[in-house]
Amino acid sequence: MLHNPATPKFPHMLHGGDYNPEQWLHDPKILEDDIRLMRKAHINCVSLGIFSWAALEPQQDHFTFAWLDGIIDDLYKNGIYTVLATPSGARPQWLAQQYPEVLRVSEDGHRNFFGQRHNHCYTSPAYRERVGIIDKKLAERYASHPAVILWHISNEFGGECHCELCQEAFRGYLREKYGTLEALNIAWWSHFWSHTYTDWSQVRSPSPRGEDSIHGLTLDWKRFVTKQTRDFMKLEIDAVKSVDPSIPVTANFMGLYAYGLDYYELAEPLDVISWDSYPQWHAPWGNQNVAMCESLSHDMMRSLKDRSFLLMENTPSTTNWHNVSKLKKPGMQTLAIANAVAHGADSGQYFQIRQSRGSCEKFHSAVISHTGTSDTRTFREVTRTGEMLESLDAAVYGTSTPAKAAIVFDPQVRWLLDVIRGPRNEGLDYFGTLQKCYRYFWRSGINVDVVGQTADLSGYELVIAPMLYMFRDGVQERLRQFVDAGGTLVTTAFTGVVNDTDLCLLGEATPEKLSDVMGFWVEEVDALFDGEHNTIVLRDREYSAVQLCEIVRPTTCRVLGTFGEDYYKGSPAVTLNAFGRGLAFHVAAGAEDDFYEDFFSELVPQLNLERAMETSVPEGMSLTWREDAEGRRIVFVQNFLDTPLSLALECSYEDLLRHEVCEGTLTVDGFSCRVLRR
Ligand code: GLA
Ligand code: ZN
C-alpha cells in the first residue's frame, strides 16, 4: 500500500534544513549566496521562521512580514520550497517583559528570567493568546503560497512549568480524572506517611523540595505535562488549519530519547511525524551500536503513524552540544541519511543551512560554513546526499515499511523506572533491555515496529515487551488476544508489576498479571550489584544474568532454562507457555546480547518473519527494506564500518543508485549504503 505523501504540494524526497535568514538581514549578499549555494547542493526545501518571532513582530501587534515574503519568493523562484514554522519555540524580549507569566517556573518554584528558548509556560493564557495571533497571521499570509508545503509547529516541544497557573490546571485534570479526593488518595497510596490529601488545593506538582515519594503523583504529573503540551500544540494546529486545512502539520520530535513527553499521545493531532536526530557517530562504543540505537528511534518515529516520516534535522558534520564535537568521517553524512530513509524517512534535512556567526551555535556545522564556499568536504557530501535522494525519489518516496514484529516501548514505564525505589536504584536499564531485544532483528534484516501499550497488535507475528513494568489501558487483554490468536509473545524480567497508577498488582497467579498467558507467577526478585552475575543455563550453554533475577513459580509453563548459581540455582530462568494458538516466552533475568542472539536465532526461523534477504549478514552491516505499491522490495544494505564488507545476493537486483544489475557477491564500501530493488 502506498501511503499518502507527507507533503502533497511537493510530493518528493525533501533535501534541505533549518535556514535562519533573520540572522543575516543586514547582509543581503549572504542571502544571495545562500540561494546559489543551496541550488548547487541539490537542496529543494528549507525550514523557515523557527526562531523569527522578534523579526516578525518586533513590538506587540506590529508585524513585519516583508522580509519573509522576499525570502520565500526568492527561494521559490529557485525551486526551493518552504516548511514554515510557527515561532513559539522562542519568544521576543518584549513579550516576556510585558507578560512575565509566560516565563517558566522550575520545580523548586523559581521563575526564570528571560533567555534561552523552549522555556515558556504552556498554560499561560497570555502566551497562548500571543502565539495564536502570530500563527494565524502567518497562516493568512502564507498558507496559499505555492512554496509553503508543510507547517512546522514550534520547535522540539519539551520541558515542564510549575507555576501557579499550571498547578491549578493540574488540579483540574486530576479532579476530572479521579472525581473524589478519596479515589485520588487510593490511586496514589497517599495514606502512606500521612500524606493524605484533604483538600484539592493541597495538590502540587512533584518537587525535590516537596512531594517526591508518591510515584503515582509523578506519573500523573508527567501525563498532565504531555496533555498540556498537546493542548498547546493543538491550539497552534487549529490556528494554522483554520485558514487552510489542506497543508499538513508536523512538530519536530526527538526520537526515543526525548524525556518527559509521551510521543504516542503527542503524535495523534499531527499529520506527519518528523524528528531531529543527533547520534554520536564515531564514539568509542562503535558505530554499529550508534547505528542500532539510531535505527530503533527511526522505527519508533515511523511506527507512530505507520507511515513514512521526515528526518527534520541532522547535522552535516559536527554537533556542538555533544561532549566532544566529532567530525562525521567521509561517507557518514550520506550514510546517516540513507539509514533514516532505510527505516522509512522521506527526507534528509539538516540543522543548519548556514552556520551562524555568533552566539551559542556558531560551532555547530552547517551546509554552508563560515568560509562561505562550496569547496568543502562537507558541502560536497551534502551535494552527494542530495543526488542520492533525487535518485531514490521515484522508487522510494511514499513507500511503506512492512513489519511483522513489534517491540513495545512505553515512555511512561521509563518515567516510573527512573523514580521507583528498588529493586535496583543503580539503574534498571530499560533502554539497554530494549536494545538487546532489538539488536538481533536489526542485524539480520527483519523490520520491526516500535509501538506503545495501546497499539493494535493483531497484525504482528511476534511481540516483544521488554520490562513492561506497568500494565495499563487494558494491555493485558490485547496481549492475551494476541497470543490466543496464534501470536508469539516475549516478555522479560520485571513485567506486569504495577497498574496504571503504580500500585502493585496483588495476588499470586492472576489474569491481571497475565499469569494465564505466561504460565507462572513471580515470588521474589533478586537484584545484583554492577559487575555481579548469575548464569542462565539453556540447553548446553551458559549465559550471564545481570541486574535482576526473578524467582518464578511455574503453573502451566515449561521451563526451558534455569539459573545456574545461588540458592535459586535450578529455578526457571526462561519459560515457555502454550496459550490458545500461540506461545508466550519469558526471560526471568537481565540477559546479555549473546543470550538474545541465540534465543532469537532459534525462535525466529519458526515464525513467518521475512528477512530483507535470505543471506548471512556480516558484523557491521545492517539490512532493512521498504516496499512499493507494486509489492517490489527495496533493500537498503548499509555498512557502518570504515572498511568494505561483502554479502552474497540470493537473486539479482537492480541497484537504484548505480543504475546497474547486481548479482553474486555485493561489496559495500566502508560508511556507505547500496539500495537494491528486487
Ligand atoms: C535542536 C534544535 C535546533 C538546533 C539543533 C542543534 O535539534 O531544534 O534548533 O539547536 O538542536 O543540534
Ligand atoms: Zn506554568
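## Ligand 1 and its surroundings

A polar contact is a pair of N or O atoms within 3.5 Å; within protein, one atom must be able to donate a hydrogen and the other to accept it, and residues adjacent in sequence count only if both atoms are side-chain atoms. In this predicted model, an N or O atom in the side chain of Glu156 is 2.6 Å from an oxygen atom of ligand 1. Trp321 places a polar side-chain atom 2.7 Å from an oxygen atom of ligand 1, and an N or O atom in the side chain of His364 is 2.7 Å from an oxygen atom of the ligand. On its own, ligand 1 has 300 Å² of accessible area, and the protein covers 97% of that (Shrake-Rupley method, 1.4 Å probe).

The residues around ligand 1 (a heavy atom within 4 Å) include Phe51, Arg117, Asn155, Asp276, Tyr278, Glu313, Phe351 and Glu361. By class, the shell has 4 nonpolar, 2 polar and 5 charged residues. Here Ala, Val, Leu, Ile, Met, Phe, Trp, Tyr, Cys and Pro count as nonpolar, Asp, Glu, Lys and Arg as charged, and the others, Gly among them, as polar.

## Domains

An automatic or database assignment divides the chain into domain 1 (14-161 + 223-396), domain 2 (405-606) and domain 3 (621-677). The centres of domain 2 and domain 3, taken over C-alpha atoms, are 34 Å apart. Their contact (heavy atoms within 4.5 Å) takes 4 residues from domain 2 and 6 residues from domain 3.

## Interface of domains 2 and 3

About 440 Å² is buried between domain 2 and domain 3, with 39% from carbon and sulfur atoms; buried area is the accessible area (1.4 Å probe) that two parts lose on being put together, summed over both. On the side of domain 2, Trp442, Gly445 and Asn447 lose the most area to domain 3, together 88% of what that side buries.

Between domain 2 and domain 3, 3 residue pairs are in polar contact (both at pLDDT 80 or more).

## Basis

Residues are numbered from 1 along each chain as its sequence is written, while chains are lettered from A and ligands numbered from 1 in the order in which they are written. Local features need pLDDT of at least 70 and side-chain atom pairs count only at pLDDT 80 or more, whereas totals for chains, interfaces and linings use all residues, and side-chain values use heavy atoms, with hydrogens and water left out.
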